[in-house]
Amino acid sequence: MEDIHDKLTDIVGKQYVSNSPEELFIYSRDMGTMEPRYPDYVVMPNSTEEVQKIVFLANEKRIPIVPMGGGLVLSGLTRALSGGIILDMKRMNRILEVNESSRYALVEAGASQGMLQAYLKKHHPSLKHSIPDSPPIATIGGNVLIHGSGHLSAAGGFHSEMLNGLEVVLPTGEVARIGSCATSPYWFSRSPLPDLAGLFIGWAGTTGIATKLAIKLYPNKKFSDVRIFVTEAPELAPDVFNRLSGTQVPEDILAAMAPKPEWMEGLQMIIVNYGAETKRELILKRDILTESVRKYIDEKVGGFMTIPTEMKGRFLEAPQKSLAQFADVKKGGGFEYVGAIMPIELFAEAYRKGIDIAERHEVTYSFGARIIGLGHCMMFFFAYAFNRADESDIKSAQKALEETNAAALEMGGIPWKAEAPAQKQIIGKMDPNTFELMKRIRSVLDPKGIMNPGNWEA
Ligand SMILES: Cc1cc2nc3c(=O)[nH]c(=O)nc-3n(C[C@H](O)[C@H](O)[C@H](O)COP(=O)(O)OP(=O)(O)OC[C@H]3O[C@@H](n4cnc5c(N)ncnc54)[C@H](O)[C@@H]3O)c2cc1C
């Protein structure tokens, strides 16, 4: 053990390796319900070369490696299930290039959402990236590689679809470049080469360590506004999503359903964010949105609510803070959600099943859905808050999450960023040849089985 500690110290320096019990305690858990698992070391590399050296050492000594960004995924994916090294990427946080013409940013994988947002605001105010509603210390790498979504997802889809290319340290230590950057000095696209990015997206850090990523940027319009369509009929929601997104006006469409405050109970609030270059364009877009759902307004089964000016600001900011505030509603900082990726027509069923599960387990809930693309699918989230100091509260949330994962699969959805037990549930439903292919890919890429073992295993 001492030998490994010394070797890691030689690679990254004394300050950036730890096996002290206090630090291992912190890195053994997240805010969610998964039980703590202790790593043996926490290491913070500062360059691709340092990551490579750590990977070579891990191969030699057969030590597991768990890549970690902000550690905010909530489903325990950055716990070291078989011990080993947690590779905390937060020091690799440089913003390397912004290409204004081809609208992309090249960053190190540990650059945070907040850093890129602040950098663009200061140096390239005409551009923005799609921001998830997670706390700003969530990293670009951690989010893109789990198929995240955010405030430009109605316009641009999943964040993984906004990935132009990446640099990755393979489990055997070689550095590979994926996308146009493999051939060109520009990181403009994943086309037209064979798309190898899929080898690293959605794999929960089991196929390599991303060190650099290029992501798409979008125009940061001079004016922005928000409208909230309200209905009590969840069956209407899919058609409302389609009508609104079909106008191609919204940048983001987010449905929110919660039993508190009391006036919200039973309501589906469909929050639509959009931008414009001029005030005239903004008014025109507002009218286009109204006309798209005119049928429901005329039938008096739904309509846009007036948003008090003092409330508007919180709906216009990115990240939106309401979910983060809900996360600590029970105090004690326990929070986890099943984010199920589903076809939008399952909205009403998902909503009703969620309420049934939450009520049976007596958990504090908040539900919502983010529309991906022009109604192409949604990320339906069933969020449960609990008090970490209360064992029975944690158990109830755990049960509710397990059942929600099962219900999502049964309906035809797929749990996103699934906990290790939920990954097994997914594998149970998966075409066996697909899972065989996944295993084959992993054994080719990672012959010593060092990358995040315990994930995507039957
Ligand atoms: C209040 C709240 C709101 C949220 N809202 C959203 C939202 O709107 N949209 C959304 O998408 N998510 C949301 N999340 C979920 C989550 O916080 C984000 O997806 C977050 O961006 C994950 O990034 P991270 O850096 O914390 O990743 P981590 O948790 O550190 O890692 C996530 C996964 O990626 C792997 N990984 C991390 N870095 C690398 C790397 N460099 N190479 C290879 N693998 C790597 C890890 O092993 C792990 O499997 C929310 C979370 C909270 C707490």
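Predicted model: local features only at pLDDT ≥ 70, side-chain atom pairs only at ≥ 80, totals over all residues.

Me: At what angle do α1 and α3 pack, and are they roughly parallel or antiparallel?

Reply: α1 covers residues 2-12 and α3 covers residues 48-61. Their axes are 9 Å apart, and the packing angle is about 165°. That angle therefore makes α1 and α3 roughly antiparallel.

Me: What residue classes make up the contact of α1 with α3?

Reply: The crossing of α1 and α3 is right-handed. D3, I4, K7, L8, I11 and V12 of α1 meet E50, K53, I54, L57, E60 and K61 of α3. The classes are 6 nonpolar, no polar and 6 charged.

Me: Is α13 roughly parallel or antiparallel to α14?

Reply: α14 spans residues 420-429. The axes of α13 and α14 come within 10 Å and cross at roughly 20°. Angles under 35 degrees count as roughly parallel, so α13 and α14 are roughly parallel.

Me: Which residues of α14 touch α13?

Reply: This crossing is right-handed. From α13 come E402, N405, A406, L409 and E410. The contact divides into 4 nonpolar, 2 polar and 3 charged residues. The α14 residues are A422, Q425, I426 and K429.

Me: How many residues surround the ligand, and which are the closest?

Reply: The ligand is surrounded by 36 residues. The closest are P67, G69, G70, T139 and S149.

Me: What is the distance from a backbone N or O atom of G69 to an oxygen atom of the ligand?

Reply: Two residues place a backbone N or O atom by a ligand oxygen atom: L72 and G69. For L72 the distance is 2.8 Å. For G69 it is 2.7 Å.

Me: Which ligand atom does a polar side-chain atom of Y337 lie 3.0 Å from?

Reply: Here the protein atom belongs to a side chain, that of Y337. At 3.0 Å from it lies a nitrogen atom of the ligand.

Me: Where is P261, which a cis peptide bond joins to K260?

Reply: Most peptide bonds are trans. The bond between K260 and P261 is cis, with omega about -5°. P261 sits in the loop between β13 (252-257) and β14 (268-276).

Me: What is omega for the peptide bond from A318 to P319?

Reply: P319 belongs to the loop between α10 (309-316) and α11 (322-327). The bond from A318 to P319 is cis. Its omega is near 0°.

Me: What is the phi of K300?

Reply: Most residues other than glycine have a negative phi. K300 is not a glycine, yet its phi is positive. K300 lies in the loop between α9 (294-298) and β15 (302-305). Its phi is about 60°.

Notes. Residues numbered from 1 in each chain as written. Heavy atoms only, no water. Near = heavy atom within 4 Å. Polar contact = N/O pair within 3.5 Å; in protein donor to acceptor, adjacent residues only side chain to side chain. Helix = DSSP H or I, 4+ residues; strand = E, 2+ residues; numbered from the N terminus. Axes fitted to C-alpha atoms, helices over the stretch in contact; angles between N-to-C directions. Parallel < 35°, antiparallel > 145°, perpendicular 65-115°, else oblique. Left-handed = near helix turned anticlockwise from the far one by under 90°. Contact = heavy atoms within 4.5 Å. Nonpolar A, V, L, I, M, F, W, Y, C, P; charged D, E, K, R; others polar.
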